[in-house]
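Please look over the sequence and the structure shown here.

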Amino acid sequence: MDSPDDYDSPWKEAVESYFPEFIEFYFPDASQQIDWVRGYQFLDQELRAVVQDAELGKRFVDKLAKVALRDGSERWVYVHLEVQGSAQAEFAERMFVYHYRLFDRYRQPVASLALLADTTANWRPSQFGYQALGCSIELNFPTAKLLDYAAHQDQLYSNSTPFALVTLAHLLTQATRQDINARFAAKWKLVQLLYQRGWDKQQVIDLFSVLDWMMRLPEQLKRSLWHNIEVLEEQEKMRYVTSVEQLYSEKWMQQGMVQGLMQGRLEGEQSGEAKALRRLLQKRFGPLSDDVLTRLQAASIDELELWLDRALDADSLAGVFAQ
């Protein structure tokens, strides 16, 4: 491949869009104890405030969510989730540091969960602790390892949950790094699977964007895949993925904006463009101020499209919004 595969945003999008399904697939014991009917709340800003000086290693997802339990109590539990992309000697220590900082902030139970998405088979951190002078402390945290699913791919193909498909995409991306034709064949097989699951239109679009982002193809094969999808949608009478303007999808796919643009065509052009621009700006320049967010929401379509074009090359936020 000309550029390294980038998992960061697809994992983030998948976790944010299908958080209960994520927990149920990778951490079923935890899922059974959560009262999903009472909802959940992501606390990304709060997490950044707590761990801003603890940047250790490459992670795909770093999320904090507040969930309710099914034990009849009124208390909330804070779930700290990491999807870790590489083996790191300090990873267990980081989980411990995040755990005690979050407990110190909220004084409520904290559940630390880790999905290991690395390629090192024997790296399985799940505990950190120490003892000194009769004092001891230990954190044990549940982990799931994506490599463990590699031996059960047939079961993943037959599993109708979204993260069976995402897991397959991750494993097949790793397995086809050196064989682009094999990646095309694997990706096309997964795309066909999307249309066989009976999922609704938005779910197909969401999961296609994850597959498309993970399993990157060169331009020629990408065009071949789009042609196959067009034929498939005509046969199945499902104008799902190709209902998005292909010009936009090709332009923004490489910039990580296909999710926002796809959703934007469904939500209304102005709100969709604003959402796409917000994600691109956050990816390039970090968290946005309230003033910038307000400006995006109030902007016209022409302004948003101008800023989208500028955002690709601008050195700063000021360059994007220059008069």
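In this predicted model, helix α7 (residues 162–175) packs against helix α9 (residues 201–214). From α7, Pro-162, Leu-165, Val-166, Ala-169, His-170 and Thr-173 meet Gln-203, Leu-207, Val-210, Leu-211 and Met-214 of α9, where contact means heavy atoms within 4.5 Å. Helices (H or I, at least four residues) and strands (E, at least two) are DSSP runs, numbered from the N terminus.

Two sentences cover the conventions. Residues are numbered from 1 along each chain as its sequence is written, and side-chain values use heavy atoms, with hydrogens and water left out. Local features need pLDDT of at least 70 and side-chain atom pairs count only at pLDDT 80 or more, while totals for chains, interfaces and linings use all residues.

**Packing of α7 with α9**

- Two packed helices are described by the angle between their axes and the distance between the axes.
- For α7 and α9 the angle is about 15 degrees and the axes are 9 Å apart; axes are lines fitted to C-alpha atoms, for helices over the stretch in contact, and angles run from 0 to 180 degrees between N-to-C directions.
- α7 and α9 are therefore roughly parallel to each other (angles under 35 degrees count as roughly parallel, over 145 as roughly antiparallel, 65 to 115 as roughly perpendicular and the rest as oblique).
- The crossing of α7 and α9 is right-handed; a crossing is right-handed if the near helix is turned clockwise from the far one by less than a right angle, and left-handed if anticlockwise.
- By class, the residues in the contact of α7 with α9 are 8 nonpolar, 3 polar and no charged (Ala, Val, Leu, Ile, Met, Phe, Trp, Tyr, Cys and Pro count as nonpolar, Asp, Glu, Lys and Arg as charged, and the others, Gly among them, as polar).

**Packing of α8**

- α7 also packs with α8, at an angle of about 175 degrees and with the axes 10 Å apart.
- That angle makes α7 roughly antiparallel to α8.
- In this contact, Leu-165, Leu-168, Ala-169, Leu-172 and Thr-173 of α7 meet Arg-183, Ala-186, Leu-190, Leu-193 and Leu-194 of α8.
- The contact of α7 with α8 has 8 nonpolar residues, 1 polar and 1 charged.
- Helix α8 (residues 180–196) and helix α10 (residues 219–236) have axes that come within 11 Å and cross at roughly 25 degrees.
- α8 and α10 are therefore roughly parallel to each other, and α8 passes α10 in a right-handed crossing.
- Residues that make this contact include Phe-184, Trp-188 and Val-191 of α8 and Leu-221, Leu-225 and Ile-229 of α10.
- The contact of α8 with α10 divides into 9 nonpolar, 4 polar and 2 charged residues.

**Chain as a whole**

- The protein chain has 16 helices and 7 strands.
- Of its 323 residues, 47% are buried (buried means under 20% relative accessible area, exposed over 50%, partly exposed in between, with a 1.4 Å probe and protein chains only).
- Among contacts with a separation of 6 or more, 66% join residues 24 or more positions apart.

- The buried residues of α2 are Phe-19, Pro-20, Phe-22, Ile-23, Phe-25 and Tyr-26.
- The chain has 21 aromatic pairs; rings of Phe, Tyr and Trp (its six-membered ring) pair if their centres lie within 6.5 Å, and planes under 30 degrees apart count as stacked, over 60 as edge-to-face and the rest as tilted.
- Phe-19 and Phe-42 form an edge-to-face pair, 5.2 Å centre to centre with 70 degrees between the planes.
- This pair links distant parts of the chain, with Phe-19 in helix α2 (residues 19–26) and Phe-42 in strand β1 (residues 40–42), 23 residues apart.
- Phe-19 is buried at 1% relative accessibility, whereas Phe-42 is partly exposed at 25%.
- One aromatic cluster is formed by Trp-11, Phe-22, Phe-25, Tyr-26, Phe-27, Tyr-149 and Phe-163.

**Single residues**

- Gln-84 lies in strand β3 (residues 76–84) and is buried, at 0% relative accessibility.
- Ser-31 is in helix α3 (residues 28–33) and is buried, at 9% relative accessible area.
- Beyond its neighbours within four places in sequence, Ser-31 is in contact with Ile-23, Glu-24 and Trp-36.
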